[in-house]
Amino acid sequence: MARRLLFVLRGKLGDTIVAFATVRAWIDAFPEDSLTVLVRANYAPLFAREAGVRVIGFGSRLAMFVKALRMRLLEAPFDALLVLLGAGPPIRRLGRIVRAARKVYLDARFASVYPEWPAVPKDHYQPEPAWRVAATVAPQLAMPRAVRLPSLAALRGSGGAIGIAPVSDETRRTIAPRVVADLARALAAR
């Protein structure tokens, strides 16, 4: 029987893309399920054309709560709310707003709102926490080994273009111009 699931991805761009790999794995494994992803509005266009998923972007915490409240009032409850990425009081509040038979978070931090959480090893593969959250509901789900966004891949044509985003809103994540040049040369050589 088809399930209705709400995945939450509330993090920085790179982490969001890696966590979306779990959503893509779910789409591939369970195409009959109805999936919704709640993600930051500026990242939503990356996933909006992905087949098998409804993408809802939010621009602020308040917008996230409004969208969740709209779903609560206008839609049937979800079979599961799965927080693949996100932390802090907004995630706890979101769990209180969303109606779902099961609510799964990354750990026991919000146990009163999210009564289920997976055990995540201290040393783990980057997408493992998101996958373990999803595997709580579907233990047979295979852990993604790569990020696949077929809708974006279809846009690039046969040129094999690679995008580099060297500037971040966090200084520690901004890549120096010399390093970007070295990276571009190395990628061109490959």
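This report describes the overall fold, the nonpolar core and several individual residues of one protein.

**Overall form**

The structure is a predicted model. The protein contains seven helices and five strands. Their order along the sequence is β-α-β-α-β-α-β-α-β-α-α-α. Computed along its principal axes, the C-alpha trace would be described by spans of about 50 × 35 × 35 Å.

Of the 190 residues in the protein, 42% are buried. When contacts with a separation of 6 or more are considered, 55% of them join residues 24 or more positions apart. The protein exposes about 10,500 Å², and carbon and sulfur atoms supply 57% of this area. As for charge, there are 29 positive and 14 negative side chains, and the centres of the two sets lie 5 Å apart.

**The nonpolar core**

In soluble globular proteins, nonpolar side chains tend to be buried together. In this model, the largest nonpolar core has 54 residues. The residues with the most contacts inside this core are F7, V23, W26, L82, L84 and Y114. Strand β4 gives the core its largest share, namely seven residues.

Which residues does W26 touch, apart from those up to four places away in sequence? They are R3, L5, F7, D33, L35, L82, A134, V137, A138 and L141. Two of these, A134 and V137, are among the buried residues of helix α5.

**Helix α5**

Helix α5 covers residues 128-137 and is mostly covered itself, since eight of its 10 residues are buried. The buried residues are E128, P129, A130, W131, V133, A134, A135 and V137. The elements that cover them include β1 (4-9), α1 (13-29), β4 and β5 (100-104).

The loop between α5 and α6 holds L141. L141 is in contact with W131 and A134, and also with T22, A25, W26, A29 and F30, when residues up to four places away in sequence are not counted. Although L141 and V167 are 26 residues apart along the chain, their C-alpha atoms are separated by 35 Å.

| Residue | Relative accessible area | Class |
|---|---|---|
| L141 | 3% | buried |
| E75 | 18% | buried |
| A48 | 49% | partly exposed |
| G163 | 72% | exposed |

Why does E75 count as buried? Its relative accessible area is 18%, and buried means under 20%. E75 is placed in the loop between α3 (61-74) and β4 (78-85). Leaving aside neighbours within four places in sequence, E75 is in contact with R4, R54, R70 and R99.

A48 belongs to the loop between α2 (44-47) and β3 (53-58). With 49%, A48 is partly exposed, because a residue counts as exposed over 50%. The C-alpha atoms of A48 and F58 are separated by 13 Å, and the two residues are 10 residues apart along the chain.

G163 is in the loop between α6 (150-156) and α7 (177-189). At 72%, G163 counts as exposed. G163 and L183 are 20 residues apart in sequence, while the distance from C-alpha to C-alpha is 11 Å.

Technical notes. Residues are numbered from 1 along each chain as its sequence is written. This is a predicted model: local features need pLDDT of at least 70, side-chain atom pairs count only at pLDDT 80 or more; totals for chains, interfaces and linings use all residues. Side-chain values use heavy atoms; hydrogens and water are left out. Helices (H or I, at least four residues) and strands (E, at least two) are DSSP runs, numbered from the N terminus. Buried means under 20% relative accessible area, exposed over 50%, partly exposed in between (1.4 Å probe, protein chains only). Contact means heavy atoms within 4.5 Å. Accessible areas come from the Shrake-Rupley method with a 1.4 Å probe; for residues, only the protein chains shown count as cover. Lys and Arg count as positive and Asp and Glu as negative; His and the chain ends are not counted. The place of a charge is taken as NZ of Lys, CZ of Arg, CG of Asp or CD of Glu. A nonpolar core is a set of buried Ala, Val, Leu, Ile, Met, Phe, Trp, Tyr and Cys residues joined through side-chain atoms within 4.5 Å.
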